[in-house]
Amino acid sequence: MSLIRHVAPWLLPLVVLAGSARAEDAAATDESGPSWHGPAGHLVEAAEKQTAADAQNKSLDNDAVVPPAPKPADRPAAAKEKAATPKKPDPAPTAKKAAEPAPKAAQAAADAKQDAAKQDAAKKDGKADDKSAKDDKSAKDDKSAKKEAKKPLPTAKQLFGTVKSAAPLKARAVGWYAKGCLSGAKSLAVDGPGWQVMRLSRNRNWGHPDLVALLERLAKESTAAKEWSGLLVGDMSQPRGGPMASGHASHQVGLDADIWLTPMPNRTLTRREREDMSAVSMLANAGAVDPKVWGDGQVKLIKRAASYSSVERILVHPALKKALCEAAGKDRHWLNKVRPYFGHFYHFHVRIGCPSGSTNCQAQPPVPDGDGCGAELTDWLKRVAPKKPPVAAKPPGKPSKPSGPKPEIMLADLPADCTTVLMAGGNKPPTVPAEMVDSSKDAGPVNDLTSVTAAPAPPKPEPPKPEAQKHEPAKAEPHKPDPKAPAAAAAATKPQAKTN
Ligand SMILES: [Zn+2]
């Protein structure tokens, strides 16, 4: 019994528990995307809650969202049995609890008990006829099989994060944006006419050839039109896609790319600079862009990207969407592809649709009609507005929903084709779990506002007053103004606006 079968059913109550939200919001949460799994509104809330939790841990790219909820029908029968394993009487049993799997410890105890009972039974029949000897043997086999099954397996991100090259197969996006892999990937050149790839150490400049072509086109056309100085390209996908060690829930099938909102400097950045340079936040506060850094260039770049037919969605922070709505004038048809979402205030996220020939690619629902500048945007701005801590404490006795680390995605959670993709070309993935560490620097601004702006955070003590913040030394790294990297220096020295 693999670990995922114990853990995966745990997701279901989380999703079921979540409250309702307008269905059209589902499209905006496409990073979690799996509206094909169930009521879309539930996923929005779940994604929101997950994002809040993530923001507390470490807010990186903040693309993070809840992984697709398991389809009840997909759960193996054995998992259902496990879930129904009798356990100690619960002081407040609920219908929801019944659907949960027995906690791991309890499960282990139950297993051990069963094993012990089998062994005892075998021992008692010490007079050993052939039959009991056989029973003894089968009990032993059972036990070793169980032990074998309990050996931890490498997670999908460990398997896919260690592959250095593309699968030498036909180009195909396999599965869902946040649960899939990529076959026949192409890498975007680290330098090209009108672009430079950042954070080269991550080896995430891979994508479906259609995505690579799109980025090359955007770079070429936006610079030729003198609308933008060039693209600083952030994360795309790993050579064979799949889950990543850091930063994203999506970007798994080679159809997503992050593009910084910082203009490209007029020179080739060194490898070191591409590791060290921080992107600049476009926000003055949670509800407004900073006109000192945000302007016509960003508007034109996003508009151009949205105008390409293969682009299905562009994700930006709600405050950026608001600025785009205000700047759009009469030509507003492109705005519906630009979706407000958590994070995405120092980069925007471009997502293309399933390419032709990618038969196992799971398409996302179409974006809703309209420019999305009305009630939906207002709603999103509320979501990202800093929350005041509630006056009254939570009434006691109300069980809080399970929190803690998200269950890891395992190879068995991905489409079966992903095993072929992983093994192609004689690749030998690790067989035991190995810690995956992304030691590259966050692409986000040094004084990241994400944790206060990107998610409705749980009640927290009041942050220090801006006065105190201003005089504090930068905590992550002391910033050395580098004349070679003006943008990085600007990001580091930019005073952070108080947001609540
Ligand atoms: Zn992204």
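Modeller: Happy to! A nonpolar core is a set of buried Ala, Val, Leu, Ile, Met, Phe, Trp, Tyr and Cys residues joined through C-beta atoms within 7 Å. A residue counts as buried if 20 or more other C-beta atoms lie within 10 Å of its own, as exposed if there are 12 or fewer, and as partly exposed in between, with C-beta atoms placed from the backbone. Please keep in mind that this is a predicted model, where local features need pLDDT of at least 70 and side-chain atom pairs count only at pLDDT 80 or more, while totals for chains, interfaces and linings use all residues. Residues are numbered from 1 along each chain as its sequence is written.

The largest nonpolar core has 79 residues, and those with the most contacts inside it are L215, L231, V233, M282, I302 and I314. Its largest share, six residues, comes from helix α10 (residues 209-224). Helices (H or I, at least four residues) and strands (E, at least two) are DSSP runs, numbered from the N terminus.

Let's stay with α10 for a moment. Its 16 residues reach 22 Å from the first C-alpha to the last, close to the 22 Å expected at 1.5 Å a residue; the expected span is 1.5 Å times one less than the number of residues. The buried residues of this helix are D210, L211, V212, L214, L215, L218, A219 and S222. An α-helix has 3.6 residues a turn, so residues three or four places apart point the same way. Just after α10, K226 takes a positive phi of about 55 degrees.

M282 is another of the core residues with the most contacts. Not counting residues up to four places away in sequence, M282 touches L261, V289, D290, V293, W294, Q298, L320, F345 and Y346. Here, contact means that two C-beta atoms, placed from the backbone, lie within 7 Å.

Now for the strands. Six of the six residues of strand β11 (residues 311-316) are buried. Strands pair if DSSP finds at least two bridges between them. β11 pairs with strand β13 (residues 347-352) in the antiparallel sense over four bridges, and V311 stands opposite I352 there. With strand β12 (residues 338-340), β11 runs parallel, joined by three bridges, and L315 stands opposite R339. The chain gets from β11 to β12 through helix α13 (residues 318-327), in a right-handed β-α-β crossover. Right-handed means that, with the strands pointing away from the viewer, the path from the first strand over the helix to the second runs clockwise.

β13 has a further partner in strand β8 (residues 256-260): five bridges join the two, which run antiparallel. Because five of its five residues are buried, β8 is largely enclosed by the rest of the structure. Both of its faces are covered, with D256, D258 and W260 buried on one side and A257 and I259 on the other.

H251 is buried because it has 31 other C-beta atoms within 10 Å, and its phi is positive, about 60 degrees, although it is not a glycine. For contrast, look at A363, in the loop between β13 and α14 (375-384). A363 counts as partly exposed because 13 other C-beta atoms lie within 10 Å.
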